[in-house]
Amino acid sequence: MNKHLIVVTAALLMAALAACPACLAQTAPKRSAPEERQEQKDARAARITERIELVIARFDNNKERHVAAYNAAKARLKEAITELAEKGYDVTRLTADLQAWDGMFVKFAQDYATLINLLRTAEQYAPYESQGQFAAAIQQARAQLVTVRQDALDIRHYYQTVIRPDLQALKDQNPSSSPASSGT
Amino acid sequence: MKILKTDWKKAAALVTLVMLLALVCLLSISCGGSGGQDSSGGTGSATIDKYVNELDSQVNSVSPGDFSDSNLSDSSLGL
């Protein structure tokens, strides 16, 4: 009798152990394949948004450094124009150069603002689920980035090819005793 | 006759001296005209060089490469 009881108990225990994982699997909510795909897409979209935020932060940092350098250079050139005019140099050309250079700084800032707007627009579109709007916005941002880079190149090039030579050319002048107009 | 000859020599020496002085003056003026002292007493060339150096340093402190298109490449965006 006892033997029978032990065998039956053991069999019941084994059956219970064998059935347990299946029970656990049944109690856990099973996700459908489309749900899993959606979750993966959402995770990827979140990762891309995070990357875009990082890129914007990096650009903002670079833009601040550029603006600071341009403002410092502009202030120094203004100072040079004032001092040299007081010494009697004709600074008409240099004054016009400064005005043109200032216009380039304004264009740089405007084009940069457009770039950031395009990146923010791209962020709003879920990648792969907005009928190419995300890809189009990124493509536009890339084109705008080329423009911003060209603006920065133009600013440097204008200094090297126009402002610097015009400033150096003042050495050829024989300044008069009466101060020339600084034009500022 | 001897007195006249001595005077002529003195006059010639005086004219030569005056001409030499004029030459020295001309030379100093031509040198001073380019890059020498300006009307306010400071050297204009030195002032210009100072500004050129400072502007060089400010303009070169940033690079257009900061806005390179590699920043928006597929890999950097995780695409």
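This is a tour of a predicted model, taken one selection at a time.

**Chain A**

Chain A has 184 residues, of which 32% count as buried. Taking the contacts in chain A between residues at least 6 apart in sequence, 82% join residues at least 24 apart.

**The nonpolar core**

Bring chain B back and select A:F59, A:W101, A:L115, A:L119, A:L167 and B:L72. These residues have the most contacts inside the largest nonpolar core, which numbers 48 residues. Now show the helices around them: α2 (33-86), α3 (92-124) and α4 (133-169) of chain A, and α2 (44-59) of chain B, each supply at least two residues of this core. The largest share, 13 residues, is from α2(A). In soluble globular proteins, nonpolar side chains tend to be buried together.

Centre the view on A:L167. Apart from neighbours within four places in sequence, A:L167 is in contact with A:L84 and A:L94 in chain A, and with B:I48, B:Y51, B:V52 and B:L55 in chain B.

**Salt bridges within chain A**

Over all chains the structure holds 13 salt bridges. Select A:D102 and A:K74, whose side chains meet in one of them at 2.8 Å, N to O. A:D102 sits in helix α3 of chain A and A:K74 in helix α2 of chain A, so this pair links parts of the chain 28 residues apart. A:K74 is buried, at 19% relative accessible area, and A:D102 is partly exposed, at 29%.

Move to A:D151 and A:K107. Their closest N and O atoms are 2.9 Å apart, in another salt bridge. Here helix α4 of chain A carries A:D151 and helix α3 of chain A carries A:K107, 44 residues apart. A:K107 is partly exposed, with a relative accessible area of 40%.

Then select A:E53, A:R120 and A:E123, which are linked in a network of salt bridges.

**The interface of chains A and B**

Colour the two chains separately and select the residues in contact across them: 51 residues from chain A and 38 residues from chain B. The two chains bury about 3900 Å² between them, with 61% of it on carbon and sulfur atoms. On the chain B side, pick out B:Y51, B:F67 and B:L72; they lose the most area to chain A, together 21% of what that side buries.

For the polar part of the interface, show the 15 residue pairs in polar contact, both residues at pLDDT 80 or more. In chain B, α2 and α3 (74-77) each supply at least two residues of the side that touches chain A. The largest share of that side, 13 residues, comes from α2(B). By type, the side of chain B that touches chain A divides into eleven nonpolar, 19 polar and eight charged residues.

Salt bridges between chain B and chain A number five. One of them is B:D74 with A:R142, where the closest N and O atoms are 2.7 Å apart.

Finish on A:R164 and B:D56, whose side chains meet in a salt bridge at 2.7 Å, N to O. A:R164 lies in helix α4 of chain A and B:D56 in helix α2 of chain B, so the pair joins two chains. B:D56 counts as buried at 16% relative accessibility, and A:R164 is partly exposed at 26%.

How values were computed. Residues are numbered from 1 along each chain as its sequence is written. Chains are lettered from A and ligands numbered from 1 in the order in which they are written. This is a predicted model: local features need pLDDT of at least 70, side-chain atom pairs count only at pLDDT 80 or more; totals for chains, interfaces and linings use all residues. Side-chain values use heavy atoms; hydrogens and water are left out. A nonpolar core is a set of buried Ala, Val, Leu, Ile, Met, Phe, Trp, Tyr and Cys residues joined through side-chain atoms within 4.5 Å. Buried means under 20% relative accessible area, exposed over 50%, partly exposed in between (1.4 Å probe, protein chains only). Helices (H or I, at least four residues) and strands (E, at least two) are DSSP runs, numbered from the N terminus. Contact means heavy atoms within 4.5 Å. Buried area is the accessible area (1.4 Å probe) that two parts lose on being put together, summed over both. A salt bridge is a side-chain nitrogen of Lys or Arg within 4 Å of a carboxyl oxygen of Asp or Glu. A polar contact is a pair of N or O atoms within 3.5 Å; within protein, one must be able to donate a hydrogen and the other to accept it, and residues adjacent in sequence count only if both atoms are side-chain atoms. Ala, Val, Leu, Ile, Met, Phe, Trp, Tyr, Cys and Pro count as nonpolar, Asp, Glu, Lys and Arg as charged, and the others, Gly among them, as polar.
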